[in-house]
Structures are given as structure tokens and as C-alpha cells.
Amino acid sequence: MSEPVVRVATAGDREELEALIDLCYSVIYPGWYEEELLNEALPAMLRIDPRLLASGHYFRASLDGKLAGCGGWSQSAPGGEQTGKGGHIRHFATHPDFMRKGVGSAILERCIAEARAEGLQKLQCFSSLPGEPFYARHGFATIEEVTIMMGEGAAFPALLMEREV
């Protein structure tokens with residue numbers, strides 16, 4: 001198997017990337033979150049913010065010519081809150097067939113390198129519960145447990161994590 005190829009995602013990639021996110025989250029979240037919560041929260045979680053997609057900081061990765069993952073970063077947190085000298089990791093997903101093959105790591109390493117090049121000092125992310133080990137392997141530490149409101153008032157448990165850039 002070859003190395004993941006990471007490129008900037010475009011608005012034309014939106015449908016394919018959102019389908020990938022749906023597949024990924026539908027596979028990894030059951031068992032971590034109640035079905036009722038997922039039914040309420042997932043529709044809101046599947047949409048990629050158009051500003052993020054247009055920023056040039058959202059990526060798609062391919063492995064052996066197949067869409068394998070996506071993710072990116074921004075200088076603002078989800079919702080647009082500015083983070084000063086920090087950035088925020090956003091909307092990561094890996095196709096279940098390509099998990100643990102370096103796809104997410106390749107995208108995250110690109111995000112970290114770009115954030116560093118732009119002078120940021122730290123990166124944060126809102127990790128899902130099953131995502132914590134991935135981010136911890138990449139130097140992120142859990143700051144606190146948080147609840148993110150999704151959809152029509154679904155309280156989604158997550159973890160605020162952070163690392164130096």
C-alpha cells in the first residue's frame with residue numbers, strides 16, 4: 001500500500017466528503033453514543049462549513065487512488081470565534097477501510113505544519129470520545145470534557161484537546 005496523497009479540498013468535493021464523514025461517523029460512534037443522540041446530532045455534524053471548505057485549509061486524502069479521509073484547520077473555532085495565536089482542527093474523518101493506515105495522521109501533520117508556518121502557537125480540537133486516542137498519539141492533551149449542541153438541541157459529549165504547534 002502506498003502513502004496517502006493529501007490535497008486541498010474544493011467545493012466540488014463537498015458531496016463526496018460529506019458522504020465519507022457520514023460513513024465514518026456511522027461506523028465509529030455507535031457504542032460510544034446513544035442511538036437517539038446520533039439520530040439527532042449526525043445530520044448537523046455531516047455538513048462541512050462552506051467557509052472552511054473555501055479556506056484552502058481543508059484537505060482530502062487518497063490512498064491507492066481511493067478517497068480515504070478528510071480534515072482541516074482554521075484560525076477560528078467552529079462557529080467563527082477567533083482564537084488569537086491558536087487554531088482549531090476541524091471535521092476529521094477516515095473511511096473505515098483505511099483506518100490505522102496513516103491517512104488521518106498525514107492530514108493532521110499537514111494541518112500542524114501549515115499552522116506552524118502561519119505563526120500559530122497552539123491547536124485545539126473538539127474530539128469525539130472515540131477520537132481521543134488518535135489526537136493523544138499526535139501530542140494533544142485533554143483539557144476538559146465539553147458538550148457541543150448539535151441539531152435541534154442534542155447535547156453531544158466531546159473533549160477539548162490542545163497541543164503546542
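**Exercise 1. Find the helix that holds Val27, and decide whether Val27 is buried, partly exposed or exposed.**

Step 1: Val27 sits in helix α1, residues 14-28; a helix here is a DSSP run of H or I with at least four residues, and a strand a run of E with at least two, numbered from the N terminus.

Step 2: Val27 has 46% relative accessibility, so it counts as partly exposed (buried is under 20% relative accessible area, exposed over 50%, partly exposed in between; 1.4 Å probe, protein chains only).

A note before going on: this is a predicted model, where local features need pLDDT of at least 70 and side-chain atom pairs pLDDT 80 or more, while totals for chains, interfaces and linings use all residues. Residues are numbered from 1 along each chain as its sequence is written, and side-chain values use heavy atoms, without hydrogens and water.

**Exercise 2. Work out how far apart Val27 and His95 are in sequence and in space.**

Step 1: Along the sequence, 68 residues separate Val27 and His95.

Step 2: In space, their C-alpha atoms are 9.3 Å apart.

**Exercise 3. Describe the largest nonpolar core, then look at Phe92.**

Step 1: This core (buried Ala, Val, Leu, Ile, Met, Phe, Trp, Tyr and Cys residues joined through side-chain atoms within 4.5 Å) has 25 residues. Phe92 is among those with the most contacts inside it, as are Ile89 and Tyr135.

Step 2: Helix α4 (103-117) gives the most to this core, 7 residues.

Step 3: Leaving out residues up to four places away in sequence, Phe92 touches residues including Tyr25, Cys70, Ile107 and Tyr135 (contact means heavy atoms within 4.5 Å).
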